Amino acid sequence: MSIIIENISKHFGNFKALDNINLEVGSGELLALLGPSGCGKTSLLRIIGGLELPDTGKLLFHGEDVKSRDACNRNVGFVFQHYALFRHMSVFENVAFGLRVKPKHIRYKEAEIKRRVHELLELVQLDWLADRFPAQLSGGQRQRIALARALAVEPKILLLDEPFGALDAQVRKELRRWLRRLHDELHITSIFVTHDQEEALEVSDRVVVMNKGRIEQVGTPDEVYAQPATPFVYQFIGNVNLFHSRDHAPWTQQLDDAIAYVRPHDIDISVSAQDETSLPVVVNLVRAIGAIVRVEVEIDGSHELIEIELSRERFDAAPLACGDRVYIRPRQFRVFQKEETDELPAT
Amino acid sequence: MALSSPAHSRFRAHSVLPGFNLALGYTLLYLSLIVLIPLSALFVKTATLGLDGFFELAVNDRVVSSLRVTFVCSLVAAVINAIFGLLVAWVLVRYRFPGKRIVDALVDLPFALPTAVAGITLATLYAPHGWIGQYFAAMGIKVAYTPLGIVVALTFIGLPFVVRTVQPVLEDVEVGVEEAAACLGATRFEVFRRVIFPAIYPALLTGFSLAFARAIGEYGSVIFIAGNMPYISEISPLLIVAKLEQYDYAGATAIAVIMLLISFALLLTINALQWWASKRGVR
Amino acid sequence: MAHSTQGIATHESKTVTRVFITIALGYLLLFLGLPLFAVFYQALSKGWDLYYAALLEPDAWSAIKLTFIAAAIAVPCNLVFGIAAAWSIAKFDFKGKSMLITLIDLPFAVSPVVSGLVYVLLFGAQGWFGPWLQEHDLKLIFAVPGIVLATIFVTFPFIARELIPLMQAQGKDEEEAAVSLGASGWQTFSRVTLPNIKWGLLYGVILCNARAMGEFGAVSVVSGHIRGMTNTMPLHVEILYNEYNFVAAFTIASLLALLALVTLLVKSVVEWQAIRSGAAIRSLI
């Protein structure tokens, strides 16, 4: 089912949680809402799920306005941040809940409920835990049970609030892949909220980057990483070097009241100046981290530090040591006017 | 609750959970009928007395001395409870000894035991020939039927307050902080004075105020042991009852209003204390 | 608990420990243990025969009945109120919430005697509604309805006070999950909320009941002390005591003390349950 969000705004008291949001989600898409905490991503998810009401704007599911529909009539499955499993019910009863509370005339027979619940538990590979209680499960297991419970009501849309937020790194990685596979199997339109860029880039079809209640960029993982639309996206996703003055960026003529943004891996290092746009620097620090080598250089005559990432092969071809005088030049950069860069998060 | 939609949304945040209007509506109705309207009757009645009438009734020797007895005895009892309550809380949190769980459960006895039962029992125990009273009598001290007896009764009913407010806070004091202080060379007493006591001080004060507030209004446990001699061991609640028995509603109301105002002031103090405690980050 | 992880640096010496424990236990024994023992000792001091005789005496019996009636009305009334108040306060955000919580606590701050007095001022012969009640031949004060009203007043906050913090701590995630899975309001409450608060609810009811049966001051003001008619158990204790019928007084008192002990027992069980489920909650987050 497709989702269209038109001009949605939401205030909490004086705090503007969402500021005129417009977004389209295609049927069967897996979309990530990415941003720092307080950027409004969870509010947007809760509005789609019917757990909050927007102040203004329209929300269309498959072309139909659902703003006045209750949460229970939206056919939406919601997976809560802390799972919100019913702690007094067994895993089986948790998953069966949505089926048991249906009005009598459309409720399944007990045998059918049983069959469906076990089918779902098999889907999330936890059939053997049916009689346990939530407190007896690990975080990853709870997460999958919460998902099975949401899927039990056969939702057309699946919403996940920080689905991996409370898990440790190893389990997170596993569950991420698992969620991707599950989505490819079921093809339910799914939206998940995360503050973890890696998670968003790895799992989703498209990423919506949000900041201060506004959408900064919508695009495929590759697009938001390779072609950030705003300074915020540049800084939030991946690392970036900022060049503030023309002296430090001889390769561009546009630095009046502007800042140049350059990714660390987009910088070339050479022993001699290629041409007049090369910037002389001194190597300050060299650190090999797995397959990449991180080089920190200081611009001559200032204390500004630039971070550069080289692949191991590249580094081995032309090794560097502290104190080496070298020249740098970006392969790719982007310039933003200063006023655009006002509202940057500290990274 | 016929609130229009826009006013409604400003009054409360939206929620998908149902039943707010019904639940809050019923809450407010029941609160008004049982508590607010009856209590306001007291103030309306006072208003009909006029200021002069009120003072005439309120400021006479018997009333003033009853208030003094009530206050002084409540204060003494609350202080006793603050000291011993702190010790009891400390012992219950920090030490292990056989029967601890039973002792811990028993601390709440004054909450659960009807005040009249406490009253007759304490009166019997502290009477000149009672189990405890005889020892005091031998020393020439009369406990029952004197203000001292009132203090005993008020100490009993206020006992759980300090223990129960200090206990959880004391449990939360991190051992690490104490160990850090000890490593820095503080003696055990200094650790208590400089590290532990500041952490539990707001809770202690809250417990003290609660015990004090409870003691001021107490009636049932006191009247049996107090002797109830006007000017000496007559507490204000008893004076209200005495006036009522003489159908002196105005007089009873005047005393009640004074007590009620004192109670409200204490309630505000307690709330402020708790606010202060939470602001200081004392969990 | 702190003591299990305490090292040497945070221990008092053995002597100090013993002195502290001795003083604390001595204090509790003097003020709690001894009185409790004395109630039963006095009640049985003249043997079981007199004990039974005092229990089965008609006035005592009617006092017991009246006490149960008052509690049987007051507790359910405050139960419904407690649930409604806790639901609105814990599960919703609205203006004036902390004010409402303070108002609910109000009866705790009022002297029991004053609680009784306000009803006399309202419904007594000279009260606001006094003339109207007399006209319609209704009697509230010095009659059973007044006793019930006063009991409701003094036990008003008990259940709400237990439920509000409990339900606030549990949050509304589970309820929202239930609604998003299609549950109706009643289904959400009965299948999700109620099972989660059942221990707290039970504790609140027990506490409320103990106070309802044991209330003395407020009931004393509105009852009129008519033997066999408007005497509750605590009032009957008073009358018997003032008549120097100590055995009978302590016999009734022993019933009330027994009630207190049962209350404490249930409280301990409930707290134990809460710690168990509390541990479960913590591990969920």
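## Cavities and chain contacts in a predicted model

The lining of the second largest cavity divides into 3 nonpolar, 3 polar and 4 charged residues. Here Ala, Val, Leu, Ile, Met, Phe, Trp, Tyr, Cys and Pro count as nonpolar, Asp, Glu, Lys and Arg as charged, and the others, Gly among them, as polar. This is a predicted model, where local features need pLDDT of at least 70, side-chain atom pairs count only at pLDDT 80 or more, and totals for chains, interfaces and linings use all residues. Residues are numbered from 1 along each chain as its sequence is written, chains are lettered from A in the order in which they are written, and side-chain values use heavy atoms, with hydrogens and water left out.

**Cavities**

- A search of the whole structure finds 3 cavities of 30 Å³ or more.
- On a 1 Å grid over the protein atoms alone, a cavity is a set of points where a 1.4 Å probe fits but cannot get out, and lining residues have an atom within 4 Å of a point.
- Grid points are joined across faces, edges and corners, and a volume is the space filled by probe spheres set on the points.
- The second largest cavity holds about 50 Å³ of space.
- Its lining includes B:R214, B:E218, C:R211 and C:E215.
- The largest cavity has a volume of about 70 Å³.
- Among its lining residues are A:L30, A:L151, A:H183 and A:S190.
- By class, that lining has 8 nonpolar, 3 polar and no charged residues.
- Helix 5 of chain A gives the most to the lining of the largest cavity, with 4 residues.
- Helices (H or I, at least four residues) and strands (E, at least two) are DSSP runs, numbered from the N terminus.

**Chain C and chain B**

- The contact (heavy atoms within 4.5 Å) takes 95 residues from chain C and 93 residues from chain B.
- The two chains bury about 8,500 Å² between them, 79% of it on carbon and sulfur atoms.
- Buried area is the accessible area (1.4 Å probe) that two parts lose on being put together, summed over both.
- In chain C, C:Y27, C:F31 and C:L32 lose the most area to chain B, together 8% of what that side buries.
- The rule finds 1 salt bridge across this interface.
- A salt bridge is a side-chain nitrogen of Lys or Arg within 4 Å of a carboxyl oxygen of Asp or Glu.
- C:K267 forms a salt bridge with B:D108, with the closest N and O atoms 2.8 Å apart.
- Helix 1 (residues 14-43) of chain C gives the most to the side of chain C that touches chain B, with 19 residues.
- That side divides into 65 nonpolar, 21 polar and 9 charged residues.

**Chain C and chain A**

- This contact takes 21 residues from chain C and 24 residues from chain A.
- Chain C and chain A bury about 2,200 Å² between them, 60% of it on carbon and sulfur atoms.
- Across this interface the rule finds 2 salt bridges.
- A:R87 forms a salt bridge with C:E174, and the closest N and O atoms are 2.9 Å apart.
- Helix 9 of chain C supplies the largest share of the side of chain C that touches chain A, 7 residues.

**Within the chains**

- Chain C has 13 helices and 0 strands.
- The structure holds 36 salt bridges over all chains.
- A:D184 forms a salt bridge with A:R180, the closest N and O atoms lying 2.9 Å apart.
- A:D184 and A:R180 are 4 residues apart in helix 5 of chain A, so about one helical turn separates them.

Definitions and conventions: On a 1 Å grid over the protein atoms alone, a cavity is a set of points where a 1.4 Å probe fits but cannot get out, and a pocket is an open set with protein on both sides within 12 Å along at least five of seven lines; lining residues have an atom within 4 Å of a point.
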